[in-house]
Every structure is written in C-alpha cells, then in structure tokens.
Amino acid sequence: MSTSNLSTVDSSDRLRVSERAQCVPSRVLHLRHLPADVFEEEVLALALPFGRVSKLITLKHKNQAFVEMTSEEAAVTMVNYYTSTTPTVRNHPIFIQYSTHHELKTDNLTNQRAQVALQTIGAAAVHSGNMASGGEEWGFASSPVLRIIVENLFYPVTLEVLQQIFSKFGSVLKIITFTRNSQFQALLQFIDAVHAQHAKAALDGQNIYNGCCTLRINFSKLNTLNVKYNNDKSRDYTRADLPTGEPEPAAAFGVALPQYGAAAFPPTFHQHTGMSVAAVPGSLVSPPRVSLQVAPPAGHSVLLVSNLNPESVSPHCLFILFGVYGDVQRVKILFNKQENALVQMSDATQAQLAMSHLNGQRLHGNMIRVTLSKHPMVQLPRSGAGQEEQALTRDFSGSALHRFKKPGSKNFNNIFPPSATLHLSNIPYLTVFFLNNLPFC
C-alpha cells in the first residue's frame, strides 16, 4: 500500500490494510474490531490519554477507525502501552497498529461527526480549565498527582479503597484525603504522569460501588505531595517509618488545606453528566457506569455516643437525629452514665455514615463524640428493670419513620451533613408562627 496521504474516505474506498501489526511507526493508527455502533468519543477516549488527536476517521461499516496523533511520539507511546494492555471498548477487545498512512485527509462530509467530536472535546477541555499552563494541550497535564472528588457518597471511601482502585494503573506513591467545600476529596500521586493519565481516562465518572460514590478526577497543579504522617487521612507508601500521630490538616499535607469539618465523609451531590467515555486500561464499561467491584465495608452497626447533655437528651431525640443517616433500630441511654448512649443502626454502612457526619457536632450545647461500639447489638432492659431504666431504652425496629427500608430509595441520594437549614416535607399547610414554635429536640 502506498504511504502517501490518505485521501477522501467514503463508503466506496477500498482500504487494504495488513492483517498484522505494522512495525514502522506512524502518527496514524489503525483500530480494528470496533463495535459496529461505536461512538467517536469512545475511540477518542482510547487515544487522548497519550496526547492530542488531530484527526479521526471512523469506518463503522468495517468496524474500523483511523486516528492521527499530533506527534509520532504520542502514537508510539499509545501502541507500546496497548501492546501489554489489551484495549477494549465496552469490554470488547480491539486491535491497534501503526497505519501505512502518514496523514489523514478529511475533506469530505462523511466524517463530519468525528470532527465535531474532536472539536467538542477540545472546547470542553478549554472550558473546564484543564488546559495546562505550560503548553499542555487538550486538558491532559503532565502532573503525576490527581485530584479526586467523590460524589454521591453513600459508603465511606478510605485510603485502602482508593489505593486498591488506582494501583491497577500504576504504582501509587502517596494519598491524602480531606474535606473541602463539603466534599470528600483526595490527592493521589502516581510514580509518573503517564499512569495518572491512564487512571483518569479509565476512572473519571465511574462508581466505586453500584449506584454511588462517583469519581470526578482532574489533574492537580502539584507535582508532588508532602506527607508527614501515615494514618487514616494520609499515607506515604514509600515511607513506612512515618509517625501515625493525628496532625493538624495543613501540617500533615504540606499544602494549604482547610480544617476538617465534623463530617469525615461528606454529603451526596448530583451525578456527573459529562460526556460518556470508554475506559482505557482494563476497560470499565461506560456508558452506563458500573461499580469498580469494591466490597462495601463490614463491621458492627452499634454506635457509642458520648458527651451528651443528660438533662436534655432522650432516646426519641437520638432516633430522630441518627435516623437522618440510616434506620435506627434501638437506642439505649446508659442508666449509670447518662451522658453516654448506644445507637443501633440497621447495618454497618449506616453506622459509618452516621458516625462520619455527626461526630464532633453540637447537640444541646455539647460537642458529642460518635464512635463504633464493641457491642454487636443493643440489649433491651431485663424484665425486672425499674421504670426509669426502661424509659432510657427504646426499640424502634417497627417504626414507620424509617427512611431507608426500600432498596434504591431516593432518600439515599439526600444524605447531607448537619447545617443551619432544614428541609421539611410531607407536612400540611402551616403558618410561619407554627413553624417557629415547633418543639425540636
């Protein structure tokens, strides 16, 4: 086949491409075995982590596409990567090789959609502010550090979960987690920028767990992270000798960060509705989003609540408060130490949510502490217990006020940390005077 420019491509063209991978590098790459209804965006998602794409031609009737990179170096990097990692689209393996063409010409109307897709992605990258200041193009910066935001947070996301997910794309050196603007965020440093690009392309917009914990990923302006402590908020995997003390947030991170809020794992947010992109390495399916197959956390469902105001607190009050984050089964205020209480949630996940949102919050003037209890369940008072002791324990397992009994309930998407604003629903017409005089606990 001639190595001259590829002329106008339409349905009458007869492109004779070798069945074996071409060994001579070229800026033009040939993709085969694509799905018949492949989207241009899915093809671009395979190439964009390695550099800018200047032209794209799709031959859907042949299950093929041609991608022209702006540099031969980017094309070589892409081919080398996919030599060791099978590229896939919608979990379907495809084949990528160098083309015998050195340049693509798209002077016809057949591939207008492909060119529009290229222009749309370029405009989106500029609009989102992802263009690198040092001459980087198309929103793919050279930093090995990723900034991760977890939206629709239902299960707690730990350092271990992040390391488990992102280490599939390269060596993870450091992770820092924090809360900013009521969002759970993390900074994660790979060994190099290429691995960071692969992880971003594959994971951005994916769910850690089914239907929740959606990852929003961008490149950080930082080139390295300074971690001074190895604990549940930060970790340097190259320094096992670091202390585990609880530091001030800014000191631990080595970067300017706000103080942690009371909620270690913040509220849900709207799902990302950006362009759907196919995964690059390992190929997660998109669309639709699928979970990353991380098992939900396990553990006890009983919480120990301490530093309560014994003059004001009641089992019903704690049921209402903790019921925002899960279905409370039982509440027991300790008879001999009434500033402490046990709250049993329906499962360990709800207990984690309640703990992360309520620990450190003020209730009746006291800053309460919420931790996991060693007790697997809350025991009801024995039959011979006095009336006062019996009044301090309530069984709410049959309550009609449980908000999370129905699987997939929309209430799972309305979990937020405490704030000065309340949302009241399912109430009759009321006057402002009546609302001002409601007997809140």
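## Exercises: salt bridges, strands and a patch

The side chains of Glu103 and Lys55 come together in a salt bridge, 3.7 Å from N to O. This is a predicted model, where local features need pLDDT of at least 70, side-chain atom pairs count only at pLDDT 80 or more, and totals for chains, interfaces and linings use all residues. Residues are numbered from 1 along each chain as its sequence is written, and side-chain values use heavy atoms, with hydrogens and water left out.

**Exercise 1.** Work out where Glu103 and Lys55 sit in the chain.

Start with the term: a salt bridge is a side-chain nitrogen of Lys or Arg within 4 Å of a carboxyl oxygen of Asp or Glu. Next, find Glu103 in the loop between strand 6 (95-98) and helix 3 (112-127). Lys55 is in strand 2, so to finish, note that the two are 48 residues apart. Helices (H or I, at least four residues) and strands (E, at least two) are DSSP runs, numbered from the N terminus.

**Exercise 2.** Take the salt bridge between Glu40 and Lys60, and decide for each residue: buried or partly exposed?

First, the closest N and O atoms of Glu40 and Lys60 are 3.7 Å apart. Glu40 lies in helix 1 (residues 40-47) and Lys60 in the loop between strand 2 (53-59) and strand 3, so the pair ties together parts that are 20 residues apart in sequence. Now the cut-offs: buried means under 20% relative accessible area, exposed over 50%, and partly exposed in between (1.4 Å probe, protein chains only). Glu40 has 3%, so Glu40 is buried. Lys60 has 31%, so Lys60 is partly exposed.

**Exercise 3.** Which strands pair with strand 14?

Two strands pair if DSSP finds at least two bridges between them. Strand 14 (residues 328-333) pairs with strand 15 (residues 341-345) in the antiparallel sense over five bridges; there, Val328 has Met345 as its bridge partner. Then look at strand 19: three bridges join strand 14 to strand 19, again antiparallel. Here Arg330 is partnered with Asp395. As for cover, six of the six residues in strand 14 are buried.

**Exercise 4.** Which residues make the nonpolar surface patch of about 290 Å²?

The patch is made by Leu422, Leu424 and Ile427. Patch residues have over 30% relative accessible area and no salt bridge; like charges are joined within 9 Å, nonpolar side chains (Val, Leu, Ile, Met, Phe, Trp, Tyr) within 5 Å. Accessible areas come from the Shrake-Rupley method with a 1.4 Å probe; for residues, only the protein chains shown count as cover.
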